[in-house]
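The coordinates come from a predicted model.

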Amino acid sequence: MRMHNPPHPGEVLRELCLEPLGLTVTRAAAALDVSRKTLSAILNGRAGISPEMAIRLSVAFDTSPESWLSQQLQYDLWQADR
């Protein structure tokens, strides 16, 4: 069952992972070993979560890569159906 108007995974990442830990985009990007530009694009909804990024996020935040990819899929399906 599809979620109604799901948030972009970048919004989830910002609100549930970065903000509670007090991480800046610069520090989080360095920890994830990605550029600040790449992470900023995800956080601002201009880029999606790739399988590689899902793995990086799962390691960094003790989550599953499938959860990140599922969020991206739900968001993409909602946007395509609009």
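## Helix packing and selected residues

Leu 69 is partly exposed, with a relative accessible area of 31%. Leu 69 belongs to helix H5. Apart from its neighbours within four places in sequence, Leu 69 is in contact with Ile 49, Ser 50, Pro 51 and Ala 54. Leu 69 and Met 53 are 16 residues apart in sequence, and their C-alpha atoms are 9.2 Å apart in space.

Helix H5 (residues 65-81) also packs against helix H1 (residues 9-21): their axes come within 9 Å and cross at roughly 135°. The two helices, H1 and H5, are therefore oblique to each other. On the H1 side the contact is made by Pro 9, Val 12, Leu 13 and Cys 17, and on the H5 side by Trp 68, Gln 71, Gln 72 and Tyr 75. By residue type, this contact of H1 with H5 divides into six nonpolar, two polar and no charged residues.

Two of the residues in that contact can be followed further. Val 12 lies in helix H1 and is buried, with a relative accessible area of 15%; the cut-off for buried is under 20%. Not counting residues up to four places away in sequence, Val 12 touches Pro 7, Cys 17, Trp 68 and Gln 71. For Trp 68, leaving aside its neighbours within four places in sequence, the contacts are Pro 9, Val 12, Leu 13, Cys 17, Ile 49, Ala 54, Leu 57, Ser 58 and Thr 63.

Asp 76 is another residue of helix H5. Asp 76 counts as partly exposed, at 40% relative accessibility.

| Pair | Separation in sequence | C-alpha to C-alpha distance |
|---|---|---|
| Val 12 and Trp 68 | 56 residues | 9.5 Å |
| His 8 and Asp 76 | 68 residues | 8.6 Å |
| Met 53 and Leu 69 | 16 residues | 9.2 Å |

Which residues have the most contacts inside the largest nonpolar core? They are Leu 13, Leu 39, Ile 49, Leu 57 and Trp 68, in a core of 18 residues. Helices H1, H2, H3 and H4 are the elements that give two or more residues to this core. In soluble globular proteins, nonpolar side chains tend to be buried together.

Helix H3 has the buried residues Leu 39, Ser 40, Ala 41, Ile 42 and Leu 43. These buried residues of H3 pack against H1, helix H2 (25-32) and helix H4 (51-61). Ser 40 lies within H3, which spans residues 36-43. Is Ser 40 buried or exposed? Ser 40 has a relative accessible area of 14%, so it is buried. Beyond its neighbours within four places in sequence, Ser 40 is in contact with Val 25 and Arg 46.

Backbone angles are considered next. Most residues other than glycine have a negative phi. Asp 33 is not a glycine, yet it has a positive phi of about 60°. Asp 33 sits in the loop between H2 and H3, and is exposed, with a relative accessible area of 61%. Asp 62, also not a glycine, has a positive phi of about 55°. The loop between H4 and H5 holds Asp 62, which counts as exposed at 72% relative accessibility.

How many salt bridges does the structure hold? The structure holds one salt bridge. Arg 56 forms a salt bridge with Glu 52, and the closest N and O atoms are 2.6 Å apart. Both Arg 56 and Glu 52 lie in helix H4, four residues apart, which is about one turn of the helix. An α-helix has 3.6 residues a turn, so residues three or four places apart point the same way. Arg 56 counts as partly exposed, at 25% relative accessibility.

Definitions and conventions
Residues numbered from 1 in each chain as written. Predicted model: local features only at pLDDT ≥ 70, side-chain atom pairs only at ≥ 80, totals over all residues. Heavy atoms only, no water. Buried < 20%, exposed > 50% of the residue type's maximum accessible area, 1.4 Å probe, protein only. Contact = heavy atoms within 4.5 Å. Axes fitted to C-alpha atoms, helices over the stretch in contact; angles between N-to-C directions. Parallel < 35°, antiparallel > 145°, perpendicular 65-115°, else oblique. Nonpolar A, V, L, I, M, F, W, Y, C, P; charged D, E, K, R; others polar. Salt bridge = Lys/Arg side-chain N within 4 Å of Asp/Glu carboxyl O. Core = buried A, V, L, I, M, F, W, Y, C linked by side-chain atoms within 4.5 Å.
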